[in-house]
Amino acid sequence: MLTGVIVSLVAVLLLVFLLVYKKEMIIKMFMLNVSAPANEFSQQLEQTADSIIRRLEDESAQLELLLEEAEAKIGILSQQVEYANKIIEQLMELENRPNSDNYRQESRTESVSHVPEPTPAMELAPPADDIAELLDDNKLDKEPVNIEKHRLIIAMADQGYTITEIAKATGVGKGEITLLLQLNKK
């Protein structure tokens, strides 16, 4: 009977040893199988994050360039608006002077000669020769101003439409709309 108990005890010990050994082996296998995909997933996340960061950096650099360009163009447009305002003031002065044709012709050439030469930033402004042509009464009569379209642009701006929306609706360029709205503010 003692041998039966000893054999049973050895069998139980052997069974416990096998369970403990197998348990460690099963845990190791499970951990290896779980950790490998987790590591792979982690690496994929890092690669995706790196590529997203690079794309964001590229896009932010591109946006910074666009902002710099926009600021430069705004500066140019501001100078052109100032230049146009000076011309408008001179035209208003011409209209307020006496009606003598000789006096008008002389005053036009004088006022054009007093207009400052455009700076390099104002390269889109019309040259003084074109201004003299515009001042010719016959030339002004031949080029009708689309007042209805200008009124529509101003009305749309008053209603809160953006310059882009107004440009699409009217077929007028954004620069012309901006200039018209800036001139209309005063």
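Me: I understand that a helix is a DSSP run of H or I with at least four residues, and that helices are numbered from the N terminus. How many helices and strands does the protein chain have?

Reply: The model is a predicted one. Its protein chain has 7 helices and 0 strands. Read from the N terminus on, the elements follow the order α-α-α-α-α-α-α.

Me: How many residues does the protein chain have, and what percentage of them count as buried?

Reply: A residue is called buried when its relative accessible area is under 20%, and exposed when it is over 50%. Of the 186 residues of the protein chain, 15% count as buried. Contacts give another view: among those between residues at least 6 apart in sequence, 53% join residues at least 24 apart.

Me: Let us turn to a single helix. What span is expected for H5, and what span does H5 reach?

Reply: The expected span of a helix is 1.5 Å times one less than its number of residues. Helix H5 covers residues 147-158, 12 residues in total, and reaches 16 Å from the first C-alpha to the last, close to the expected 16 Å.

Me: Which residues of H5 are buried, and which are exposed on the other side?

Reply: Ile153, Ile154 and Met156 are the buried residues of H5. They lie on the same side of H5 because they cover an arc of only 160 degrees around the axis. Glu148, Arg151 and Asp158 are exposed on the other side of H5.

Me: Against which helices do the buried residues of H5 pack?

Reply: They pack against helix H6 (163-170) and helix H7 (174-185).

Me: At what angle do H5 and H6 pack, and how far apart are their axes?

Reply: Such an angle is taken between N-to-C directions and runs from 0 to 180 degrees. H5 and H6 pack at about 145 degrees, with their axes 10 Å apart, and their crossing is right-handed. On the H5 side, the contact is made by Lys149, Leu152, Ile153, Met156 and Ala157, while H6 contributes Glu165, Ile166, Ala169 and Thr170. By class, this contact has 6 nonpolar, 1 polar and 2 charged residues.

Me: Which residues of H6 are buried, and which are exposed on the other side?

Reply: The buried ones in H6 are Ile166, Ala167 and Thr170. Seen down the axis of H6, they fall within an arc of 100 degrees, so they line one face of the helix. Lys168 and Ala169 are exposed on the other side of H6. The buried residues of H6 pack against H5 and H7.

Me: What follows H6, and what comes just after H5?

Reply: A glycine with positive phi is found in each place. Glycine 171 follows H6, with a phi near 80 degrees. Just after H5, glycine 160 has a positive phi of about 100 degrees.

Me: Which residues of H7 are buried?

Reply: Ile177, Thr178, Leu180 and Leu181 are buried in H7. Their arc around the axis is only 165 degrees, which puts them on the same side of H7. These buried residues pack against H5 and H6.

Me: Is isoleucine 177 buried or exposed, and with which residues is it in contact?

Reply: Isoleucine 177, which lies in helix H7, has a relative accessible area of 0% and is therefore buried. Contact means heavy atoms within 4.5 Å. Leaving aside neighbours within four places in sequence, isoleucine 177 is in contact with Ile153, Ile163, Ile166, Ala167, Thr170 and Val172. Isoleucine 163 is 14 residues away along the chain, yet its C-alpha atom is separated from that of isoleucine 177 by 6.9 Å.

Methods:
Residues are numbered from 1 along each chain as its sequence is written. This is a predicted model: local features need pLDDT of at least 70, side-chain atom pairs count only at pLDDT 80 or more; totals for chains, interfaces and linings use all residues. Side-chain values use heavy atoms; hydrogens and water are left out. Helices (H or I, at least four residues) and strands (E, at least two) are DSSP runs, numbered from the N terminus. Buried means under 20% relative accessible area, exposed over 50%, partly exposed in between (1.4 Å probe, protein chains only). The arc is that of the directions from the helix axis to the C-beta atoms. A crossing is left-handed if the near helix is turned anticlockwise from the far one by less than a right angle, and right-handed if clockwise. Ala, Val, Leu, Ile, Met, Phe, Trp, Tyr, Cys and Pro count as nonpolar, Asp, Glu, Lys and Arg as charged, and the others, Gly among them, as polar.
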